[in-house]
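Biologist: I am new to this structure and would like to learn how to read it. Could we go through it feature by feature?

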Amino acid sequence: MDSSPSPRKFRMRLRNERGVGLIELLTVLPMLAVVLLGIYALYNVGAKGQKDTDTRVRSLIQQQNGLERISREMRQATSITPVSSQIIDGTTWVRPSGGGASALRRVRYDCTSGTCNRYEGPVGGSLSTGPVPVITNVVNPDVFELSPDTIDPTYVVTRVEVHVAGATNPITLDGGFALRNLQSDS
């Protein structure tokens, strides 16, 4: 007995296994496009949010480094001349950019123009280098507060409010430093 299917049974089987029709294909493709566009939109929102966050973090780290530089340098001051709540001037130990031993220099930090700029010059002389921006986008008027008073300070409180792109409110950086090397007149 022959076990091969007859041509008639073979044709019947082919009719029952038709595959995907045009109408089914035209229905599924738009649904697939909507799903893929939704995934792409979510990806774009996430990527934009990540870029904004990276920008804010980079800016904040730069501002924190600037405040740390002010604190580190002025902490070594041997004399302070308070000019205003936005300007601090002092004689401090500065390491030369080319390396080598620290040298006594006059340094001024001026935060009057929305940027804390650093100026430097010889002790008792005029400020010959600068401005070098240290902290940008400063929005508060009072940055330095000398304690216990401006005549004989022993501590400087720093408060810098900076505008960071993408943030709705300014970010506040608080700090301070003891003036441990001030020369006393006694």
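Modeller: We start with the term helix, which here is a DSSP run of H or I with at least four residues, numbered from the N terminus. Keep in mind that this is a predicted model. Lys-48 and Asp-52 both lie in helix H2 and are 4 residues apart, about one turn of the helix.

Biologist: What do Lys-48 and Asp-52 form, and how far apart are the closest N and O atoms?

Modeller: A salt bridge is counted when a side-chain nitrogen of Lys or Arg is within 4 Å of a carboxyl oxygen of Asp or Glu. Lys-48 and Asp-52 form one, with 3.3 Å between the closest N and O atoms.

Biologist: Is Lys-48 buried or exposed?

Modeller: Exposed means over 50% relative accessible area, and buried means under 20%. Lys-48 is exposed because its relative accessible area is 54%. Asp-52 counts as partly exposed, since its relative accessibility is 30%.

Biologist: How many salt bridges does the count come to?

Modeller: The count comes to 8 salt bridges. Another of them joins the side chains of Asp-89 and Arg-106, at 2.8 Å from N to O. This pair links distant parts of the chain, 17 residues apart: Asp-89 is in strand S2 (residues 87-94) and Arg-106 in strand S3 (residues 103-110).

Biologist: Are Asp-89 and Arg-106 buried or exposed?

Modeller: Both residues, Asp-89 and Arg-106, are buried. For a further pair, look at Glu-161 and Arg-159, whose side chains meet in a salt bridge of 3.5 Å, N to O. Arg-159 is partly exposed because its relative accessible area is 37%.

Biologist: Which residues are linked in a network of salt bridges?

Modeller: Such a network links Glu-73, Arg-105, Arg-118 and Glu-120.

Biologist: Now the sheets. In what order do the 5 strands of the open sheet come?

Modeller: To read a sheet, follow which strands pair; a pair needs at least two DSSP bridges. Here the order is S1-S2-S3-S4-S5, with antiparallel pairing, and the sheet is open. Strand S1 (79-82) and strand S5 (129-135) are at the edges with a single partner strand each, so one side of each has no neighbour in the sheet. On average, neighbouring strands of this sheet are turned by 25° against each other, direction ignored.

Biologist: How many bridges join S3 to strand S4?

Modeller: S3 and strand S4 (residues 116-121) run antiparallel and are joined by 5 bridges.

Biologist: What is the order of the open sheet of 3 strands?

Modeller: The order is S6-S7-S8, and the pairing is antiparallel. Strand S6 (144-147) and strand S8 (171-178) are the edge strands, each pairing on one side only. From one strand to the next, the twist averages 15°. Strand S7 (residues 155-162) pairs with S8 over 8 bridges, and Tyr-155 has Ala-178 in S8 as its bridge partner. H2 lies across S6, S7 and S8, running at about 15° to S8.

Biologist: Last, the surface. Which residues make the nonpolar surface patch?

Modeller: Val-20, Leu-25, Leu-29, Leu-32, Val-35, Leu-36 and Ile-39 make a patch of about 670 Å². Residues in a patch have over 30% relative accessible area and no salt bridge. Leu-29, found in helix H2 (residues 22-75), counts as partly exposed because its relative accessibility is 46%.

Note on methods:
Residues numbered from 1 in each chain as written. Predicted model: local features only at pLDDT ≥ 70, side-chain atom pairs only at ≥ 80, totals over all residues. Heavy atoms only, no water. Patch = residues over 30% accessible without salt bridge, like charges linked within 9 Å, V, L, I, M, F, W, Y side chains within 5 Å. Areas by Shrake-Rupley, 256 points an atom, 1.4 Å probe, with all protein chains shown as cover. Helix = DSSP H or I, 4+ residues; strand = E, 2+ residues; numbered from the N terminus. Buried < 20%, exposed > 50% of the residue type's maximum accessible area, 1.4 Å probe, protein only. Axes fitted to C-alpha atoms, helices over the stretch in contact; angles between N-to-C directions. Contact = heavy atoms within 4.5 Å.
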